[in-house]
Amino acid sequence: MRSEDLKIYTEEEYQKLMIFWANLIQTLAVEGIQQGHPKTRMQVIATAIVYFKRFYARRSYKDVDPLLIACASVFLASKVEEHGLMSMSNLIKTIPNCLKKWPNLTYDASSKNSGLYDAEFILVEMLDCCLVVYHPYRPLTTMLQDIARDPTVKDFPPFEEQCWKVANDSLRSDCSLLYPPHIIAISCIIVGAELMNREKDIKMWLPELSVDFEKVYDCVNTLFAMYKTWKTFDEKEHVKPLFDKLPKINPGPTF
C-alpha cells in the first residue's frame with residue numbers, strides 16, 4: 001500500500017517519484033508504438049497514468065516491479081481506449097531507450113517479457129476490472145466553449161491552450177484519484193487563468209456554476225502544490241537517489 005512506501009519516502013519524495021513515473025509512461029506510450037501505427041493519443045497516456053496511480057494507491061512498490069506495471073498500464077490502456085494493440089515485447093525493448101532521458105538509470109529488460117503478462121493480469125485484478133476511466137477532457141471542452149462565447153473574452157486560443165496544458169499536467173498530481181472529472185476541469189480553468197493573469201475572463205462564468213466550490217479549491221490547491229514540487233524536481237539529479245531508496249522488489253508479480 002501507499003502507506004508502506006511513505007515509510008521510506010517523504011510525501012514530497014513520493015510525489016516527485018510519481019511525476020517521474022507519469023513522465024516515463026508518456027515516453028513509453030509515445031516511443032513504444034510500432035512503425036506504421038498511429039501516434040499515441042493523449043487519452044491513452046492519461047488512462048495509463050491513472051491505472052498506474054490506482055495500482056500503487058493500493059499496493060507497494062515492493063510488490064511488483066513498477067517498470068513492469070508502467071508497461072502493463074500502457075499496454076492495457078491502448079486496448080481499453082481502442083488505440084490498437086501494442087506489442088508487449090516492443091514496449092519492454094523500449095525501456096532502455098526511454099531511460100536515456102535519465103542517464104543515471106539502468107534497467108535489464110532482457111528477462112521481463114514473461115513478467116509483463118503477469119503484471120497485466122495483476123493490474124486488471126487490482127483495478128477490480130473497472131477499466132473505463134473518465135477524464136476531465138470532455139467537460140473541459142464544453143466549459144471552454146461556454147467561456148469562448150463571452151464577447152468580452154479576447155485572444156482566447158492561448159488561454160484555451162494553457163487550460164489544456166494544466167489538464168495534462170494534472171495527471172502528475174493525485175487529482176485523478178481524489179476528484180471527479182468536472183471538478184478537475186473547472187480547477188484547470190481556474191489555474192490556467194491564474195497562471196496567465198486572466199482571472200477577469202472567468203469572473204462572470206465561475207459564479208454561474210452549480211458545484212461544490214470547496215472541492216474545486218481543494219483541487220486547485222492540489223494542482224498548485226504539484227507545480228511547486230515539479231518546479232524543484234531536477235529529474236536528472238533527483239531520480240537516481242529516489243530509485244536507490246526503492247524497496248527490494250519481489251522476484252515476480254504476486255498478490
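**Labels and the values behind them**

Modeller: Start with helix H8. The face of H8 turned away from its buried side carries two exposed residues, Pro157 and Glu161. Keep in mind that this is a predicted model.

Biologist: Which residues of H8 are buried?

Modeller: Phe156, Phe159, Gln162, Cys163, Val166, Ala167 and Asp169. They cover an arc of only 165 degrees around the axis, which puts them on the same side of H8.

Biologist: What covers the buried residues of H8?

Modeller: The cover includes helix H7 (137–148), helix H10 (181–195) and helix H11 (213–231).

Biologist: How do you know that the span of H8 agrees with its number of residues?

Modeller: H8 has 14 residues, 156–169. At 1.5 Å a residue, they should span 20 Å. The end C-alpha atoms are 20 Å apart, so the two values agree.

Biologist: What makes Asp169 buried?

Modeller: Its relative accessibility is 7%. Buried means under 20%. Asp169 therefore counts as buried.

Biologist: And why is Lys165 called partly exposed?

Modeller: Lys165 has a relative accessible area of 46%. Partly exposed runs between the buried limit of 20% and the exposed limit of 50%. So Lys165 is partly exposed.

Biologist: What makes Lys165 and Asp169 a salt bridge?

Modeller: The N to O distance is 3.0 Å. The cut-off is within 4 Å. The side chains of Lys165 and Asp169 therefore meet in a salt bridge. Both residues lie in H8, four residues apart, about one turn of the helix.

Biologist: How many salt bridges does a search of the whole structure find?

Modeller: It finds 12. Glu120 and Lys79 form one of them, with the closest N and O atoms 2.6 Å apart. Glu120 lies in helix H6 (residues 113–126) and Lys79 in helix H4 (residues 66–80), so the pair ties together parts that are 41 residues apart in sequence.

Biologist: Which residues are linked in a network of salt bridges?

Modeller: Glu4, Lys7 and Lys62.

Biologist: Now the domains. Which domains does the domain assignment give?

Modeller: Domain 1 (2–132) and domain 2 (136–232). Their C-alpha centres lie 27 Å apart.

Biologist: How do you know that domain 1 and domain 2 are in contact?

Modeller: Contact means heavy atoms within 4.5 Å. By that test, 16 residues of domain 1 are in contact with 12 residues of domain 2. The two domains bury about 1,300 Å² between them, 59% of it on carbon and sulfur atoms. Ile19, Met42 and Lys53 supply 38% of the area that domain 1 buries against domain 2, more than any other three residues.

Biologist: How many salt bridges are counted between domain 1 and domain 2?

Modeller: One. Lys53 forms a salt bridge with Asp174. The closest N and O atoms are 3.9 Å apart. The limit is 4 Å, so the pair counts.

Biologist: Where does Asp155 lie, and what is its phi?

Modeller: Asp155 lies in the loop between H7 and H8. Its phi is near 50 degrees, again a positive value in a residue other than glycine.

Biologist: Why is Asp155 called exposed?

Modeller: Asp155 is at 54% relative accessibility. Exposed means over 50%. Asp155 therefore counts as exposed.

Conventions: Residues numbered from 1 in each chain as written. Predicted model: local features only at pLDDT ≥ 70, side-chain atom pairs only at ≥ 80, totals over all residues. Heavy atoms only, no water. Expected span 1.5 Å × (residues − 1). Buried < 20%, exposed > 50% of the residue type's maximum accessible area, 1.4 Å probe, protein only. Arc of directions from axis to C-beta. Domains from an automatic or database assignment. Buried area = accessible area lost by both parts, 1.4 Å probe.
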